[in-house]
Amino acid sequence: MPLEGPARIVSELTTRGYNAEREAVTLIAAAERPQPTLEQVVEQLPERTLVVRTEHVRAVLEESTPASSESSPVSSESPPSNPSRDGDDSTDRPQNNPSVSTGDPSQPSPTPRTDPPVETEGSVDHIERSSDISRRSLEIANDMTGESTGTGEYKDFVAVFRDRLERLGSKLRGRFNHRPASAIQSMPGGSEAAMVGLVNDIRSTASGHWLIELEDATGTFPWLVMKDREYADLVEELLCDEVLAMEGTLADDSGIAFVDSMSFPDVPRTYEPSTADRHVQAALISDVHVGSQEFMADAWNRFADWLHTEEAQHVEYLLLAGDMVEGVGVYPDQDEELDIVDIYDQYEAFNECLKRVPGDLDIVMIPGNHDAVRLAEPQPGFDERLRNIMSAHDPRIVSNPSTVTLEGVSVLMYHGVSLDEVIAELPEEKANYDEPHKAMYHLLKKRHVAPQFGGHTRLAPEKEDYLIIEDVPDIFHTGHVHKLGFGKYHNVLAINSGCWQAQTDFQKSVNIDPDAGYAPIVDLDTLDVTVQKFS
Amino acid sequence: MREVDQRYFSRLESQLDEAFDVAETAKERGADPEPEVEIPVAKDMADRVENILGIDGVAERVRELEGQMSREEAALALAEDFAEGNVGDYETKAGKIEGAVRTAVALLTEGVVAAPIEGIDKVELLSNDDGTEFVNVYYAGPIRSAGGTAQALSVLVGDYTRALVGIDQYNARSEEIERYAEEISLYDKETGLQYSPKDPETKFIAKHLPIMLDGEATGDEEVSGFRDLERVDTNSARGGMCLVLAEGIALKAPKIQRYTSQLEEIDWPWLQDLIDGNYYENDDEAAADESKAADDGDDDDEADAEAAAEEDDAPPEETGPVRPAPSKKFLRDLIAGRPVFSHPSAKGGFRLRYGRSRNHGFATGGVHPATMHLVDDFLATGTQIKTERPGKAHGVVPVDSIEGPTVKLANGDVRRIDDPEEALEIRNGVEEILDTGEYLINYGEFVENNHPLAPASYVFEWWIQDMDEAGADAQALLDDPRIDAEHPPAEDALEWAREYDAPLHPDYTYLWHDLAVDDFCALADAVANAHIENGGETLVLERSETVRDALETIIVEHRQREGRLEVDDWVPLARTLGVVRDEDGELTRTWTDDDLSERARTWGDSDGADSGDDKRNSSGGANAIKAVNEVAPFTVRERAPTRIGNRMGRPEKSESRDLSPAVHTLFPIGEAGGAQRDIAKAGKHADTMSDTPGVVEIQIGRHRCGECDTETFKNRCPDCGARTEPDYRCPSCDSAIEPDEAGRVECDRCDTEATCVESREIDLNKEYRDALETVGERENAFDILKGVKGLTSADKIPEPMEKGILRAKHDVSSFKDGTVRYDMTDLPVTSVRASELDIDVGQLQALGYEEDIHGEPLVHEDQLVELKVQDIVLSDGAAEHMLKTADFIDDLLEQYYGLEPFYELGEREELVGELVFGMAPHTSAATVGRVIGFTSAAVGYAHPYFHAAKRRNCDGDEDCVMLLMDGLLNFSMSFLPDQRGGKMDAPLVMSSRIDPSEIDDEAHNIDIVSRYPREFYEATLEMADPGEVDVQIAEETLGTDEEYTGFEHTHDTSDIAMGPDLSAYKTLGSMMDKMDAQLELSRKLKAVDETDVAERVIEYHFLPDLIGNLRAFSRQETRCLDCGEKFRRMPLTETCRECGGRVNLTVHQGSVNKYMQTAIEVAEEYDCRPYTKQRLEVLEKSLESVFENDKNKQSGIEDFM
């Protein structure tokens, strides 16, 4: 089968303003007379159709020569990327290898192209990756790379927490007749009151009730949750420094209020996620840990090879939620367990891994706690030197956390260090390592990726709180705990991707069995998840 | 006991009695908590045990049993006595068991440590599920100080007594068994155990233990499973219990078994299974055995394992010399400012010499004082060093009868420096320290650490025995005044080697084993081609890199001149190289390279033996000693086969012990005196204008006068002067409670503990003025009088303020128990000279010293006398402090107690002969000592037995001295904090005489001979076990008349204080200065790899500091600058919620990145690994990212245009 065939067909279709499914193109190419078939298909397309689908072609072919329909399976024999080949296929065909963002990387949001890109001709080599690059869209929000203005002053910290209360509080204020802490103190005993604030302290009283101190910009006020009230259960979900609203009745001396209800910023139950208006997929992975002796190069290669296959033809986006490499100095005597000791060599090796995936993928990366950026969150994206190393396929490198919107579907990417804390603080049944997505639900509910200050997560004060979940994402993507888990919270898809690092000695000693070598694939048009296993 | 010893002790005791009488009289008059001296005297261990426990009759019984049986058996016999009620006055069964258990622990720890009182909380009876009663023993953290064996035996004794008094065994519930397992793992993780049993082992023990082990919570961390058990009070780890189960029962099972098998009443058949490891339920028994064996590692076993490994490392086919394997352990956790003196077994490092100097043994290492100066004064007498072998750490002592260091000067000359003065003179011109000199370690050190003997250096004391063996009359050589056998001229040395066919004298034996065979050949060539000048005195070699390196490697002193190298006294060198001088004066090499045997040519070829720093491109061996012996006309032994790596640990210490902040009196003044706790200020303090100044509300013990019923907080009635008693009241029903005989005050009706503590208004101003008046002092007698904020004792009885006034006057401060203390690093000494102690012969004679160590009459200051066991040498600082304390005591006696002064010391020499208390941390018994003299070293020299009586060794440990009368007058139990461990470090009892059998047995391993036999040296070459050789150690004289005497030494030293008085670590200012000096020194020392030092400093000091502070920064607390209120998180109000004051961070940028630039510079300058540099680079970027504004970076010159 001449390779130019499909390319020419795609080119032809795009000049006429159509995109095409890969199989549709294959079918046309396989027809006895492709050119007339193409003409026929176009002619018979329904009004306002944008994508030439397989069924359109089938209809035409069956109509003209019913017998030729058998030829369609041939298409699937078109060789996928050669799995046995060790070399890097993308480098073998650099001139043909298109990359959607080669144009101008500084342009943050490439608008869907309407003109037929010249490169498309080349995109259809033996792998036959999807040809509708022009329909892709990728927008970044909340990236603070290069925007780190905090200088570690006391006032910077205060500003961050005030910003948190202001912005998350605004999601609650409309719902209550709330008062500042100082005003509540002077209200008469027995009156009803409501307050929006940061959790400052959680204590149990001698009689088993809970005393929760809420703080706002005027001061603090203690709220008592009786142990037999329905809200008592919620207390154990609370983390310090999250924003919530409480309603209740003031005690006679107005020194304390009895809680009648408690509300979180939360995701509305009725939230309706956006979806892509075509069948397109994204692979959500994290924790590659290149450089570690436990890095699973074989699994990674199988993954990369699979991306070249027909099965993966709709995977057009690759999201990496941190820990590209194992890093240096992450724990004592780490050098003894490193396969690659030099940090820059680690990123070089990671780049080689990256080169293996199809060149037309749109890639977005955020750093993690093993990466060579500051540990305090928010973590800015990699510096120039590392960006220059990780240049394969020109990935978008943004801060942790950041929100990336793929064809209308917003994905909040966060590495996930705070998950450790959520899992440690919350009761086992509400958050545990085997169901990491459940811990993620709590972050969604709190509308903050790392609420608690002073514990596990580190905070670098910036002019605003970048860790807030300002807008409800359609997908929430984390990693870090090396466990695979996903589920939906108020229709938001939470995915914690597994890792590409086999069990380490440390993990063995604490009995953590990582989910290594999995790639969750999300259908952006339905938000359904399929998991591909490569280990 | 010899009569002279008898006299010595009688004398000490009568002196003690005199002081006691004075103190008793004083105490009767004063207003102390008790009208009598509170430190009971214990003549022996039995007394100490009784006193520490406070159970009458124990001492008598212990003495009865002591002669007949071992101490462990005595503990069991005493258990019977307790059970039958013959000893102790206990009514309950639990009481009897408690008495027996405490006594057992006290007995096994020689009545010195606090474990029996602090480590066992209580014993109680609880019910099994079937209704029967069982015994529960509550342990607490301080049981640690008892050690594993005593811990394990306490359980056995508890069980034995249980059986005797007829109580059932404990049947552990399954959740309790699981709890033990979880808890021990938790404790191990949190605190760490010497031996960590695996879960099945723990469960096995828990299941079979016939009594329940319980205890107080010691950690914050809680177990996650098995919580809230009915019979376990806490969810936290119970440290005492974990120690007893893991380090006691599990680790010492074989020892307990020895005793259970002798006892009919109790039967622990499961011990055998425990020992065999048969505690796994089914199939994986083999694995269990293995893990048991593998984990069986306390320190001794580790040493064994190391030893085994070392033996394995010796090449099987003998292609190289026998050497112990280098060990890097001592380099761990290197700290900035504390230098490395030698890398593990590195060439140019300390050369092991065997012997014991008179100020040596008991975990110390002898260093030449010239070396101390040349390592830039980092080593001083008493400085602790971490060593490669045989143990972990040593205290440094100066010994000048060993060889000093060899240095290369800036002009290229290589000289050995044996004189500390010379070391100071040339120090600035030293370019490289080629060899740090010898390092003296005594045989006993190897015994104590159970370390195989490392090959000995060839030294004079070995050579002379070789001569004897070879048929020379060694004694005649030594006695002949015309012959210097130790440092003979070359002709004599060569003549002896020829005549007797003995090995060449060590003075002319060079470090051939450090020279590669190829270089040896090259050197022989160079010598053969050299010419002779200066009338035959000087050998002139052509200067070349190889030759110069060779001479520096084997340490031949020489001069470097333009194009030539000059060696004096060269004949032995030439002869050893197989070069002869014929009658014409021509030098000829008698051999060619090919004459060397294959073995000699490749000796030491194996790449393991040496540190591998000199990679040779030739095929020759790295060790020329075999070649030497093939070409030299005599035998040449290895001059220094063993090098000892070491680094600095702690600096030496000699300073007064102050509480922080220092206090003069244990009188509470609350916050009234400000942060300084100034009593005068408190006397004027008033919270508001309406308050009376000086009246402050304070938590204090209420007393009542028995005579006139006056209520007061004083020990004497302010109205009638009678003594008062604490007035205990039940907090619920307010009835007055009298303490029972055990001292417990419990209200029977309410079942609550009564207390005499109340909040009371005290007029501090009046108290202060009254006290001043009582002692007749004016306020200007002192700068400031500091009290305490509050009292921590149970009854909160304050100290009479008068004592504080006098302390302030004499500028001494009080410890928590009312005593004045001075801390010093412990060092041993067994013989002393009057001259070095700054005393004269007359004073020595007055102390009962009549003869010198050779039995000659004592006539002049330079004669050595053997130190008596309780005589101690004070540092200059300690002496000065003691003088001030003595003045304080005299004033106290006169002005407060109304008695005659006791000391009346003018000059410090008058301190000689005065008694003091020696007392170590974690113990509860003081040992009486007598001052014999003074030293300028910042240490406390005393007989090793004196240190051992306090349960200290000398590896850098420190403890304190107190003046006797101070302890007698001012110590009170009533001041001790009412908390776990409060009774530690307090003289609950004093030992008036040392019984060598009743001290820490580590001291029994000190060798006490004047020379080691030739067999010893030969055995070291085979790395024999120290037990296989015959050198007399102190243990052998125990129980004989000789037990207090005969501590001979193999090496003398001219003064016990030589080298610098203080380590440079203490004299250098900032941490940066110290680190610069440390790195500078590492460059100079040939045996030190400066890159490694820099790496380690960065890795173990800078990086943890940087990372830790950065982490702390990003999750820090904040604090109000005005009121001190702390906030977990920055308050949203920005200002302090309490006082409206300014709030600020507790961790600032400055404290986070203070080491950043230094670390980067050091990494660059000392060429650290890229890994280290990259870690710093990543960190630096992190710091920038956190602390710098991306928008404000100065990106170029245009920013300024």
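Me: What share of the 535 residues in chain A is buried?

Reply: A residue counts as buried if 20 or more other C-beta atoms lie within 10 Å of its own. In this predicted model, buried residues make up 50% of chain A. The chain holds 16 helices and 19 strands.

Me: Which residues of helix H11 of chain A are buried?

Reply: In helix H11, which covers residues 297–307 of chain A, the buried residues are A:Ala299, A:Trp300, A:Phe303, A:Ala304, A:Asp305, A:Trp306 and A:Leu307. These buried residues pack against strand S10 (315–321), helix H12 (343–355), S18 and S19 of chain A.

Me: How many of the contacts in chain A, as a percentage of those with a separation of 6 or more, join residues 24 or more positions apart?

Reply: Two residues are in contact if their C-beta atoms lie within 7 Å. Among the contacts in chain A with a separation of 6 or more, 71% join residues 24 or more positions apart.

Me: In what order do the six strands of the open sheet in chain A stand?

Reply: Strands of a sheet pair through backbone hydrogen bonds, either parallel or antiparallel. In chain A the order is S12-S11-S10-S9-S18-S19, and the pairing is mixed. Strand S12 (396–397) and strand S19 (529–533) of chain A are the edge strands, each pairing on one side only.

Me: In what sense do strands S9 and S18 of chain A pair?

Reply: Strand S9 (residues 281–285) and strand S18 (residues 518–523) of chain A pair in the antiparallel sense, over three bridges. One bridge sets A:Gln281 against its partner A:Asp523 in S18(A).

Me: Why does one side of strand S14 and of strand S16 of chain B lack a neighbour in the sheet?

Reply: These strands belong to an open sheet of four strands in chain B, with the order S14-S15-S17-S16 and antiparallel pairing. Strand S14 (531–533) and strand S16 (559–561) stand at the edges with a single partner strand each, so one side of each is left without a neighbour in the sheet. From one strand to the next, the twist averages 30°. Within this sheet, strand S15 (residues 538–542) and strand S17 (residues 564–568) of chain B run antiparallel and are joined by five bridges. B:Val540 stands opposite B:Glu566 in S17(B).

Me: Into which domains is chain B divided?

Reply: The division gives domain 1 (114–292), domain 2 (509–639), domain 3 (657–809) and domain 4 (1089–1192). The centres of domain 3 and domain 4 of chain B, taken over C-alpha atoms, are separated by 45 Å.

Me: Which residues of chain B does the UniProt record list for the "DNA polymerase II large subunit DP2 catalytic" domain?

Reply: The unreviewed UniProt entry lists residues 780–1074 of chain B under that name. This span is 22% helix and 16% strand, and its end C-alpha atoms lie 41 Å apart. The annotation "DNA polymerase II large subunit DP2 N-terminal", also from an unreviewed UniProt entry, covers residues 7–276 of chain B. Over residues 7–276 the chain is 55% helix and 8% strand, with the end C-alpha atoms 53 Å apart.

Technical notes. Residues numbered from 1 in each chain as written. Chains lettered and ligands numbered in written order. Predicted model: local features only at pLDDT ≥ 70, side-chain atom pairs only at ≥ 80, totals over all residues. Domains from an automatic or database assignment. UniProt positions renumbered as here; feature names shortened; annotations may be inferred. Helix = DSSP H or I, 4+ residues; strand = E, 2+ residues; numbered from the N terminus. Pairing = 2+ DSSP bridges. Buried ≥ 20, exposed ≤ 12 C-beta atoms within 10 Å, placed from the backbone. Axes fitted to C-alpha atoms, helices over the stretch in contact; angles between N-to-C directions.
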